[in-house]
Amino acid sequence: MARTLLKRFLWSSLCQRAAIPGIVSEGVASIPTSSNQHFTLHQPLSLTTKSFHLSSSFHGPSCWSCGQNFTKPVEYFCPKCALVQEIGSKPNYFEMFDLEKQFTIDTKSLQHKFTNLQRRLHPDKFSLKSAEEQEISSNVSAMINKAYSALLKPLSRGIYMLEQNGVHFGEEIRADEPELLMELMDINEKVDESTLETKREIFNEMQNKLGEVTETIQQSFTKNDIETVKKSVIRLKYYSNISDRLREQLPPE
């Protein structure tokens, strides 16, 4: 029944954008499952794009204390007076960890650099320093946490790179492709009706899908195909949600 109603909704949305009572409300499709859960899909926000190349807010900063000019985009300590430095309100996250500006990164290297930076810049290290240094270390430490969270996983990394190119999803990532909607509904129905053994098989399938869509994102960024990146990031979001849901239901191997 849910599949039939969704098909009607999709055709209605494509042909005349007319709402179907019980299924659509203000652009939101709520698909009931056998476990009394609801799988919610939304109409997309308007998106804008710019060129592929990641932007940087670096304009040749200098030390706030001694005036030493810096040659690197991000400098955490002045090479002359050794005081901790501000890095601006919108630093490039890749530059903060001295990483190549590309979708595929070495996450182990990222984790190592994050740990090292937090060890050096944690506010507790500056408890006996001046008020200026304490404030700077607190701000920089918080920014490092934010940048690390954004770059660590493929989904958040892809979203960040799209934002650097002028593409913004808003508060939610929303799917609207009929083919994707049908695929997601089918997968969720299988999850609801499956045994633990079947759930494990579906989980393994989702890992393959995640690998494939991640590779597509990397190739599309390389080709400057932002439209494909957007679509792939949306798929990555929903595949990740299903994978996480299955992981919670499955016992450890």
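This is a predicted model: local features need pLDDT of at least 70, side-chain atom pairs count only at pLDDT 80 or more; totals for chains, interfaces and linings use all residues.
Residues are numbered from 1 along each chain as its sequence is written, and side-chain values use heavy atoms, with hydrogens and water left out.

Let's start with the whole chain. The protein chain has eight helices and three strands; both are DSSP runs numbered from the N terminus, with helices being H or I of at least four residues and strands being E of at least two. Of the 253 residues in the protein chain, 42% are buried. Here, buried means under 20% relative accessible area, exposed means over 50%, and partly exposed is in between, using a 1.4 Å probe and protein chains only. As for contacts (heavy atoms within 4.5 Å), take those in the protein chain with a separation of 6 or more: 62% of them come from residues 24 or more positions apart.

Now go to the loop between α2 (93-96) and α3 (107-121), where you'll find Asp98. Asp98 isn't a glycine, yet its phi is positive, at about 55°. Asp98 is also exposed, with a relative accessible area of 62%.

Next come α4 (residues 131-152) and α5 (residues 154-164). In general, two packed helices are described by the angle between their axes and the distance between the axes. The axes are lines fitted to C-alpha atoms, for helices over the stretch in contact, and the angles run from 0 to 180 degrees between N-to-C directions. The α4 and α5 axes come within 5 Å and cross at roughly 110°, so these two helices are roughly perpendicular to each other. That label covers 65 to 115 degrees; angles under 35 count as roughly parallel, over 145 as roughly antiparallel, and the rest as oblique. Where they meet, α4 brings Ser149, Ala150, Leu151 and Leu152, and α5 brings Pro154, Ser156, Arg157 and Tyr160. The residues of this contact divide into five nonpolar, two polar and one charged (Ala, Val, Leu, Ile, Met, Phe, Trp, Tyr, Cys and Pro count as nonpolar, Asp, Glu, Lys and Arg as charged, and the others, Gly among them, as polar).

Further along is α6 (178-193). Its 16 residues reach 23 Å from first C-alpha to last, close to the 22 Å expected at 1.5 Å a residue; the expected span is 1.5 Å times one less than the number of residues. Buried residues in α6 include Leu180, Leu181, Met182 and Val191.

What does α7 pack against? Its buried residues pack against α5, α6 and α8 (226-249). Among those buried residues are Lys199, Ile202, Phe203, Met206 and Phe221. As for length, the 27 residues of α7 (residues 196-222) should span 39 Å, and the end C-alpha atoms are 39 Å apart, which agrees.

Finally, look at how α7 meets α8. These helices pack at an angle of about 155°, with their axes 9 Å apart, and are therefore roughly antiparallel to each other. The residues of their contact divide into 15 nonpolar, nine polar and four charged. The loop between α7 and α8 holds Asn224. Asn224 has a positive phi of about 60° although it is not a glycine, and at 42% relative accessibility it counts as partly exposed.
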